[in-house]
Amino acid sequence: MSLERFLNKAVSSWMSAEGPEADIILSSRIRLARNLQNYKFPTLFENEEAREIANKLKTIVQSGYFQTYGEVEFLPIDHLKQLEKRVLVEKHLISPRLAGDSPHGAVILADKEDMSIMVNEEDHIRIQCLFPGLQIKEALEKANMIDDLIEDTFDYAFDESLGYLTSCPTNVGTGLRASVMVHLPALVLTRQMMRVIPAINQLGLVVRGIYGEGTEALGNIFQISNQTTLGKSEEDIVEELISVVHQIIAQERSAREALVKTSNIQLEDRVFRSYGILANSRIIETKEAAERLSDVRLGIDLGYIKHLSRNILNELMILTQPGFLQQYAGGPLRPAERDMKRAAFIRERLKLKEKDS
């Protein structure tokens, strides 16, 4: 498969588009956790209950219930190959848990991949909407519309005093997880992230790596999300997150300005060294690729590199993950082979970008 054809199939709408504050905010995500009334939660339910829930969701998809959101497909997880599941995880469309051992798990997926609904994961239903840039309110509005659509057909497990009931107590209440994916290279380079993260935690938010809890912040990319779901409205949770994110944006921009003012030639040298490595290397590991891509993205934002668009980081951070590389190669690759394929993929992608500019 040619790279251009592969990219046309592989790149989600949030990767290729730019939203507000796109120099720092890569994407915004809303996730709503819901369970159906009169069914045991996934931590306790029987296979028969899991199958019944999956069939109920499959039926409403097949009936055209979600046609407002374009072409929507119901994909049973056990019908997917291991590599296909891994790619969906890398694109943030399903969780590692759903890709693993979820009885009768499934995902309802929109063709633009800006909406996915996980079925029989930690909860019966997990609605997710992904938008480019800082568009948390827009993502919440869409998620709520999908939520209302499902609730027209099903009764949710809901308590008048507690709110929505979920498998994990930390999600009880709104069942809402709002998060933004941020690129903060200047705060990392100036070593300010060591004090920024504790400050964010004190405000009731949490900072995680690119793939959520327990993952590393590859390429200076972090996820910032709410911790509290109980005792606050969805709107309040989102407003608090946006307020903190605006402060982080201001700090990152200030750190970038300081770097340009005090270390401009060293920063420019770092950017172009990283670009040279990406454009010419024959072997590159995931971590180094992420670091070099971060430098190049910073160079694009600062105007050092003018022939590439900034969404190069959005795309290549995802497309150079192990699952994608093996999908592009057409089959399993050993770690050393992946490192070679990753280097070749990046070289070819940069050439395509240069040709398009």
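**A walk through the strands, rings and a helix**

Strand β3 is mostly covered, with 5 of its 5 residues buried. Here buried means under 20% relative accessible area, exposed means over 50%, and partly exposed is what lies in between, using a 1.4 Å probe and protein chains only. Strands like this one are DSSP runs of E with at least two residues, helices are runs of H or I with at least four residues, and both are numbered from the N terminus.

Before going on, a word on what you're looking at. This is a predicted model, where local features need pLDDT of at least 70 and side-chain atom pairs count only at pLDDT 80 or more, while totals for chains, interfaces and linings use all residues. Residues are numbered from 1 along each chain as its sequence is written, and side-chain values use heavy atoms, with hydrogens and water left out.

Back to β3. Ala106, Ile108 and Ala110 point one way from the strand, Val107 and Leu109 point the other way, and all of them are buried. Two strands pair if DSSP finds at least two bridges between them. On that basis β3 pairs with strand β2 (residues 72–76): 5 bridges join them, and they run antiparallel. Glutamate 73 is the residue opposite leucine 109 of β3.

β3 (residues 106–110) also pairs with β4, again antiparallel, through 4 bridges. Across this pairing, valine 107 has methionine 118 as its bridge partner in β4, and isoleucine 108 stands opposite isoleucine 117. The two strands make a hairpin with 4 residues between them, and in the turn glutamate 113 has a positive phi of about 65 degrees.

Now step onto β4 itself. Of the 5 residues in this strand (residues 115–119), 5 are buried, so β4 is largely enclosed by the rest of the structure. Both of its faces are covered: Met115, Ile117 and Val119 are buried on one side, and Ser116 and Met118 are buried on the other. β4 pairs with strand β5 (residues 125–132) in the antiparallel sense, over 5 bridges. Methionine 115 sits opposite cysteine 129 of β5. This is a hairpin too, with 5 residues between the strands, and asparagine 120 in the turn has a positive phi of about 60 degrees.

Next, the rings. A pair of aromatic rings is described by the distance of the centres and the angle of the planes. Rings of Phe, Tyr and Trp (its six-membered ring) pair if their centres lie within 6.5 Å; planes under 30 degrees apart count as stacked, over 60 as edge-to-face and the rest as tilted. The structure holds 4 aromatic pairs. In one of them, tyrosine 65 and phenylalanine 66 have ring centres 6.3 Å apart and planes at 85 degrees, so the pair is edge-to-face. Tyrosine 65 is partly exposed at 27% relative accessible area, whereas phenylalanine 66 is buried at 2%. Tyrosine 328 and phenylalanine 345 are edge-to-face as well, because their planes stand at 85 degrees, with centres 5.2 Å apart. That pair links distant parts of the chain, 17 residues apart: tyrosine 328 belongs to helix α12 (residues 322–329) and phenylalanine 345 to helix α13 (residues 335–356). Tyrosine 328 counts as buried at 15% relative accessibility, and so does phenylalanine 345 at 1%.

Tyr156, Phe158 and Tyr164 make up one aromatic cluster. A charge sits over a ring if NZ of Lys or CZ of Arg is within 6 Å of the ring centre and within 35 degrees of the ring normal. The charged end of arginine 34 sits over the ring of tyrosine 156, 5.9 Å from its centre, and over the ring of tyrosine 164, 3.6 Å from its centre.

Among the buried residues of α10 are Leu293, Ser294 and Asp295. Lysine 287 lies in this helix and is partly exposed at 45%. Just after α10, glycine 303 takes a positive phi of about 85 degrees.

Asparagine 220 is in the loop between β9 (205–208) and β10 (221–226), and at 17% relative accessibility it counts as buried. The side chains of asparagine 220 and serine 294 are joined by a polar contact of 2.8 Å. Such a contact is a pair of N or O atoms within 3.5 Å; within protein, one must be able to donate a hydrogen and the other to accept it, and residues adjacent in sequence count only if both atoms are side-chain atoms. Leaving aside residues up to four places away in sequence, asparagine 220 touches (heavy atoms within 4.5 Å) Val182, His183, Leu184, Pro185, Val188 and Ser294.
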